[in-house]
Amino acid sequence: GLQQWHRTLCEIAMGHDANVDWDVEDAKPRVMIATQEEMQKARIEVGYRDYCAHLLIPLNKCRRKTFYLPWKCEDERHAYEKCQYEEYNRRMRQATRLKKAAIKSDADAESDDSE
């Protein structure tokens, strides 16, 4: 109906494929591309050592080389920000799944109690 149509339009606007099975995509094992040694050598702070750190290393190199000029390093910055955005969406999907599972388990517990 209308709600599904709106959801599909929103997903397309955000660059998501409406036909992707996110449960399958999110279940795939994730691999850190940048090693701890590489992140230490690049002086990446611990809080930024996530699954996008491999993109932050060249971004920070470019930033230092170009004195943090905002119109430089656009490709590197875009790649890093896109990775961060996708990570955020993955975490939100996971939180939604956990919330739905908790609601379902509460509903199941209530139905067991009423019997």
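**Close-up 1. Nine salt bridges turn up in this structure.** A salt bridge here is a side-chain nitrogen of Lys or Arg within 4 Å of a carboxyl oxygen of Asp or Glu. Keep in mind that this is a predicted model, where local features need pLDDT of at least 70, side-chain atom pairs count only at pLDDT 80 or more, and totals for chains, interfaces and linings use all residues. Residues are numbered from 1 along each chain as its sequence is written, and side-chain values use heavy atoms, with hydrogens and water left out.

**Close-up 2. R93 and D26 join distant parts of the chain.** Their side chains meet in a salt bridge at 2.8 Å, N to O. R93 sits in helix α5 and D26 in helix α2 (residues 22-27), 67 residues apart. (Helices are DSSP runs of H or I, at least four residues, numbered from the N terminus.) Is R93 buried or exposed? R93 counts as buried because its relative accessibility is 18%, and D26 is buried too, at 16%. The cut-offs are under 20% relative accessible area for buried, over 50% for exposed, and partly exposed in between, using a 1.4 Å probe and protein chains only. Look around this pair as well: D23, D26, R93 and R97 are linked in a network of salt bridges.

Close-up 3. R77 is partly exposed at 30%, and E81 is partly exposed at 42%. K82 and E86 make another salt bridge, at 3.5 Å, N to O. Because K82 and E86 are four residues apart in α5, about one helical turn separates them.

**Close-up 4. D106, E110, D112 and D113 form a negative surface patch.** Asp and Glu count as negative, Lys and Arg as positive, while His and the chain ends are not counted. To join a patch, residues need over 30% relative accessible area and no salt bridge, with like charges joined within 9 Å; each charge is placed at CG of Asp or CD of Glu. E110 belongs to helix α5 (residues 74-114), and it counts as exposed because its relative accessibility is 57%.

**Close-up 5. The largest nonpolar core has 13 residues.** Such a core is a set of buried Ala, Val, Leu, Ile, Met, Phe, Trp, Tyr and Cys residues joined through side-chain atoms within 4.5 Å. A34, M39, I44, L56, I57, L59 and Y80 touch the most other members. Helices α4 (53-65) and α5 each supply at least two residues, and α4 gives the most, with five.

Key. Patch = residues over 30% accessible without salt bridge, like charges linked within 9 Å, V, L, I, M, F, W, Y side chains within 5 Å. Areas by Shrake-Rupley, 256 points an atom, 1.4 Å probe, with all protein chains shown as cover.
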